[in-house]
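Trainee: I have a structure open and would like to go through it with you. Can we take it piece by piece?
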Amino acid sequence: MRYLPLTDTDRQAMLATIGAASIDDLFVDVPEEARLKGPIPGLPMHASEMAVERHFSAMARKNMAAAHHPFFLGAGAYKHHVPASVDHLIQRGEFLTAYTPYQPEIAQGTLQMLFEFQTQVARLFGCDVANASMYDGSTACWEAIGMAGRVTKRSKAVISSGLHPHYVSVAKTMARFTGDTLELAALDMAQSDTGRLLASIDGETSCVVVQYPDILGRIEDLSAIAQKAHEHGALLIAVVTEPVALGAIKSPGEMGADIVVGEGQSLGVGLQFGGPYVGLFACKEKFVRQMPGRLCGQTVDAEGKRGFVLTLSTREQHIRREKATSNICTNSGLCALAFSIHMSLLGERGLRELAALNHARAVQAADRLTQIEGVSLVNDSFFNEFTLKLPVNARDVVHKLAAKKVLGGVSLGRLYPGETTLENGLLVAVTEVVSEEDVETFAATLQEVLS
Amino acid sequence: MSTVNASGWRPEMGESDVMAAETFTGNRALMLEEALIFEIGDSHTTGVDFDPAPKVQSRLGGLERNREIGLPGLSEPETVRHYTRLSRQNYAIDLGLFPLGSCTMKHNPRLNEKVARMKGFIDVHPLQPQETVQGALQVINELAFWLVDLTGMHGVAMSPKAGAHGELCGILAIKAALDARGEDRPVILVPESAHGTNPATAAFAGFSVENIPATPEGRVDVAALKARLGPDVAGVMITNPNTCGLFERDLKIISDAVHAAGGYVYCDGANFNAIVGRVRPGDLGVDAMHINLHKTFSTPHGGGGPGSGPVVLSEALSPYGPIPFVAKMPDGSFKLVEEEAAGEMHPETFGRMTAFHGQMGMFTRALAYIMSHGADGLRQVAEDAVLNANYVLRSLEGTLEAPFGASGPCMHEALFTDNGLAEGFSTLDVAKGMIDEGYHPMTVYFPLVVHGAMLVEPTETESKAALDQFIGALRSVANRAKQGDPALKSAPHFAPRRRLDETLAARKPVLVWKEAELPIAAE
């Protein structure tokens, strides 16, 4: 009970002040039959710090950690090097153990950071404004579709087959309840579906949702889609699951995207087995009042000094209740902080160098892996992730590689179960943490598994 | 504790400000002004050294970036100093009592941080082959086991990313269950005292929302609720303990009535910390309830998140819960049930709510807290949280109006109003006065059911001495507000910023930094 400071003497004195004979008197409103008489049976009693630590060490050892093995997984979560100062700074108690900045006079640290974060995200995405973060990329994507519906007063979203299938699943779940219709097509490794998207846009379309680079790693110009969407009064939503790519390629905003959402995990956050991550959300200024989530804004205090507050809260649930733009009442504050610190450390120059390094390593790896007989590259264009076509089912290959201590990518079979035309596809991500030796080990092991 | 005079009056308040000269830097000793990264960084500086990129032929599809992004860079020492300085302008639970009612700010043990950062948890990918992440899956399974047992429920959905996301999960499960029954029930009932996310969630999921009034003693009006039940009502969303800090003693009666009318009961579990180990919501007929892990199980809130909102489900709703989830197999291994396996193991799922499996980093922290307390300690957690809140309530009753003080003991939070403050003085003034006393203020203007609400939640991790000092401070500030101390109107005087103009921020939104619009310079 090391976290509970009250002593039994304190408890007795406090009960006397309250005028209660025992602690049970404070639970009188709980119906007698619902009151538990003692600790719930079947659950263990309290454990020492050492015992808890030992338990978790044992659990952690059962997992294959990315840093300890040649590692090539991506598909929406990327392994990048995080500078040591990032994790050090986010563990400062004043950041880690603060709450939502509802009292701005004593929350300027969090608020100024959010203002800086919003500016970084807006600039990276080529947009006018960004919010103070969302749960993750997939929920940000769905919120963007909802927002496009509010802006256009239409409910048909045209979705690219290159959008991460889990993001599509999230959108499908939500659409089932909101009555939105999602127009989808099956993913084709052989060709992009830009043509289909262009043909699908009509006067009913609220938005077109495109991932950039897409799930296979392809990089395609979004300008034509933006233009066609705008001609029909629809919005272009671009989804970026690997923000490091934008250090090397044009931003979606430059190509006409109206809303750009993304997953910020790549910068500062780490893999964490899927979460917490940080959703990025940016758009054109004219849509700001339809945006979901928190916003931090600049203002002045009573002495005229610059300061920051949460603002435009009339869009939010604590004021508008059932009329709010979304039900979100939290953001990923600490992950946004990690993202922002990492981005500040990189700066313009560092991000470009990081992006160039990622791309170069990926190109080298693609060239090496396609030397293996029967292995071919699906996409001409890519940033740090590409799709290989294997001569056999890639899912089996992934398990065989893992047995040989190589974490060799994500099979399309896992992402698209039952899609037989995709079974031989293997998504391979190569970031700056992958060494030449790792690539050699991967190539040799893959060759061995395939032969 | 050093007290001010008995009345709490400090006539010299504010004079020190007048006497002191402004400094050249704008700093005041350890209270430091800090410029924005856009003002101190530039596009050439970087705090990260990379290996040179090998020369290759670019394959970027002809979309090479040719425009500057506009990101400032800082060296490593500048970065460390910038964020350390910013951190010092924050109040946090590590600095002192954080009495935000309904938000539950308790001590964050560092053991939890340590285990969450173990390589085997922080450095694993969500799509790694399942045989390589058995330990991570076991942690999720163990936490799920505790949550189900502590709530007396049937199943749990671990993937919701925050409390409000969990609400959506519960409401979607209800909708899916109704769809499976072939019933269209378009209405969700939400009591006035519910969190604002409750009606927003129901509306978001396509329901129309109808309010149910509260009784004068601060609980749901059961008669009004029963009268509204019918074939068009999908269910009710109720918060227990509620936002007035009271236990909804009729919850079982309400549940029975809702079930008899064919609806489901959603319980907002944000306040579960008041009853954990002493009451199981499942015994009260609840069908779905989210649990904010940061509130009950002390995962740090990080200045606004991340949260984590697992949802426990009754037997009736469990078949509809989201994927993915972790199942323990007969051979003792753990399986992640995703789209493919769902057809066979969980065919009625309403689908996926988020890209991956939820907030793993929060799961490890919460499980570490749970194991540290155990079944015995968690019961003590609820008892101490409730004891501390009642101690605050009764100690301040003579100073501030407690509207439901006669309705029985409060649970984990004590509610006061602005009734009795001097003309022109408000709850906001009391809150800002508390900042000068060195405290984060309590929750203000929530819940909406009383005027000028002040909701104090001390939590179980405060000592009696800490509570006594807080009570003394709040009594002093309240007395000054009752006596009309003008200095209180301009509080805070001693914070990094004086009162901020929130109206200006909303009227002329400046949401990103722009070079041209800089000049509100620090003095």
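Trainee: What does the UniProt annotation on residues 192-302 of chain B say?
Mentor: The UniProt record, an unreviewed entry, labels that span "domain: Aminotransferase class V". UniProt positions are given in the numbering used here, feature names are shortened, and annotations may be inferred rather than shown by experiment.

Trainee: And how is the model itself set up?
Mentor: This is a predicted model, where local features need pLDDT of at least 70 and side-chain atom pairs count only at pLDDT 80 or more, while totals for chains, interfaces and linings use all residues. Residues are numbered from 1 along each chain as its sequence is written, chains are lettered from A and ligands numbered from 1 in the order in which they are written, and side-chain values use heavy atoms, with hydrogens and water left out.

Trainee: How far apart are the end C-alpha atoms of residues 192-302 of chain B?
Mentor: They lie 29 Å apart, and the span is 27% helix and 18% strand. Helices (H or I, at least four residues) and strands (E, at least two) are DSSP runs, numbered from the N terminus.

Trainee: Which domains is chain B divided into?
Mentor: Domain 1 covers 112-367 and domain 2 covers 375-497, with bounds from an automatic or database domain assignment. Their contact (heavy atoms within 4.5 Å) takes 25 residues from domain 1 of chain B and 21 residues from domain 2 of chain B.

Trainee: How much area do domain 1 and domain 2 of chain B bury between them?
Mentor: About 1,800 Å², 63% of it on carbon and sulfur atoms. Buried area is the accessible area (1.4 Å probe) that two parts lose on being put together, summed over both. Cys244(B), Asn273(B) and Arg278(B) supply 26% of what domain 1 of chain B buries there, more than any other three residues.

Trainee: New topic. What is the volume of the largest pocket?
Mentor: About 1,200 Å³. On a 1 Å grid over the protein atoms alone, a pocket is an open set of points where a 1.4 Å probe fits, with protein on both sides within 12 Å along at least five of seven lines; lining residues have an atom within 4 Å of a point. A volume is the space filled by probe spheres set on the points.

Trainee: Which residues are closest to the centre of the largest pocket?
Mentor: Of its 49 lining residues, Tyr102(A), Gln317(A), His318(A), Val444(B) and Phe446(B).

Trainee: And the second largest pocket, how much space lies in it?
Mentor: About 670 Å³. The second largest pocket is lined by 37 residues, and helix 3 of chain A gives the largest share, four residues.
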